[in-house]
Structures are given as structure tokens and as C-alpha cells.
Amino acid sequence: MTLQQHIEQLLAQPQKNRAFSTTYNGEKIWIKLPAMGESNMWHSVLKILFKITHNPLLAPTVVTNPKQSLKDEGLKLKHLDSLGINVPKVLLATDEYLALSDCGTPLSILIKKDNITKEDKSQIFAKLATTLASMHNNQMYHSRPALRDITYHNGNIYFMDFEENLEGILTTEEAILRDAMIFIHALYRKVPDEKLINQTLLIYTNSLHPNILQNLKNEAQKYKILYFLLQICYKILGKDAKAIFKTLNFLIF
Ligand SMILES: Nc1ncnc2c1ncn2[C@@H]1O[C@H](COP(=O)(O)OP(=O)(O)O)[C@@H](O)[C@H]1O
Ligand SMILES: [Mg+2]
């Protein structure tokens, strides 16, 4: 059976998730289907705020044309692969789906696993920090480096889920700053071990080109008012807002 036949057989049945794994010729692979981005009121508010402030963190990235955006993702994955970035290999791309090679375990899941030692987690996050910094130093970015879209596989870090498109909205420089802030926020938001967070941030900032680090710190200075507001009501903040406060605290001082 060809890969296409195998996938079409699977798709004949309704699927619960838009990305799911299957085994083909004894190998685990992933199928990704087009999906409608969930646009809600906040996206409209952000869109207006972004127009006024041109703040990179507010850049709207909701998927409005699912098939086109899946197609774009396939092209982007092939391009990044050709540049030597660790991303899933595109095994097959059609209008209906992408078939991708397996890239292991998302870091959001790995971080919670009890059967992985602290030392191993520490090494994996060190690798994450240097890999992302080197991507940024090479003028490339992920668009939304959340821990669920970064995986670990056989000693390497892989990036996936490139559907958010910032091209034409932000300059490369702005997109890199946005990436860095989202990454730092993700660490504070999702990693339970404070020592691991600090170590990862230290390696990331030490590996980053000094100009990018300086730009990042300058950008954070613009949020000083927000920082002090968050500080005042820290006790009643939710997890996301607490992580924003910690991100700004790290970058401003
Ligand atoms: N090639 C892959 N290797 C390993 N896991 C994958 C792969 N593709 C998708 N996944 C898993 O499926 C999840 C959803 O896929 P993703 O591309 O992030 O789509 P979505 O836009 O729905 O977030 C990922 O967070 C990851 O856990
Ligand atoms: Mg995802």
C-alpha cells in the first residue's frame, strides 16, 4: 500500500484531532489536517491595538484560510529543512493533509515526566536554549515557540507547527524579539523547576548575539508601566499574567 492509500484509508473515518500519528511501514509518522483558526473577540481587539501601537507582541496571526496555511506550512518546513533547521520532514503534501516524520516528544510533556532525570531535563533544556539562540542569531524565527510545539528526539531539539505567519506583518528583527519574549514567557509559564528556568535563560541569553539581546532589553523597557501595574496586583494575577511579570522582571533589570 502506498503512503497516500494508507492515509486516505485513515481519513475515510472521522478524526478527532487535526494532527494524529499512525504507523506506516513500521515507522511512526504524523498526519496534519487543515484547521480553522479560532478567531474571537480578542483577536479583533488585538488587531486594532496592533495597528495603533505596532507592538510585535500584539501581531495578529490567526489562520483564516486553513488549506492555504497548511500548504504554506509544508513549504516552510521544506525550506527550513534545506537550511539545516531540525523540523519534521514532509513525506507527502496534498491540499487535504501533510504527512510528516515523527520528531519525538513535545517539551511540554517531557518536562512533566517522572522517568526522565533532572540532569537529563537540564541537558535537554540547555540544548533547547542554544538551538533557539542559534536560530535567532541566523535571522530565523519560529513565530510562537511554545513548549508544546518544540520536541526532543534522539539528542536533538525539533521545531514544529509553523502555521502562524508573521511575514509581511513584522520585520525579521521584530519577529525575533517576539519569539524571544514568547519563549521566555513559556519557560516561566510551563516549567515548574525554577533552577531549570534560570539555567535555560542564562544559556539562551549568553548564546544570543549581543545586539539581539540589547534590542530585547530595550523592547522590554517599553513595558515598564505594565511591569509596575502587574507588580502592584501580583497576588491576584492568573498564571499567564504572573509569567508576563516574571518575563519583564528578567528583561528590564
Ligand atoms: N512531526 C511530529 N512529531 C511529533 N509530534 C507531532 C508532530 N506533528 C504533530 N505532533 C504533535 O501534535 C501536536 C499538534 O500538532 P501541531 O502541528 O502543533 O498542530 P496544531 O496547529 O493543532 O497545534 C503537536 O503539539 C505535537 O504534540
Ligand atoms: Mg501546535
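Mentor: Before we start, a residue counts as buried if 20 or more other C-beta atoms lie within 10 Å of its own, and as exposed if 12 or fewer do. Keep in mind that this is a predicted model.

Trainee: OK. How many of the six residues of β1 are buried?

Mentor: Zero of the six are buried, so β1 lies largely in the open.

Trainee: Where does β1 stand in the sheet?

Mentor: The sheet is open, with four strands in the order β1-β2-β4-β3 and antiparallel pairing. β1 (19–24) and β3 (90–93) are at the edges with a single partner strand each, so one side of each has no neighbour in the sheet. From one strand to the next, the twist averages 25°.

Trainee: How many bridges join β1 to β2?

Mentor: Six, and the two strands run antiparallel, with β2 covering residues 27–32. T22 has I29 of β2 as its bridge partner, and T23 is opposite K28, also in β2.

Trainee: And the side chains along a strand, how are they arranged?

Mentor: In a regular strand they alternate between the two faces of the sheet.

Trainee: What about the hairpin of β1 and β2, how many residues are between the strands?

Mentor: Two residues, and N25 in this hairpin takes a positive phi near 50°.

Trainee: Switching to helices. Which strands does α3 lie across?

Mentor: Helix α3, residues 66–82, lies across β2, β3 and β4 (98–101). Its angle to β3 is about 150°.

How values were computed
Residues numbered from 1 in each chain as written. Chains lettered and ligands numbered in written order. Predicted model: local features only at pLDDT ≥ 70, side-chain atom pairs only at ≥ 80, totals over all residues. Pairing = 2+ DSSP bridges. Axes fitted to C-alpha atoms, helices over the stretch in contact; angles between N-to-C directions. Contact = placed C-beta atoms within 7 Å.
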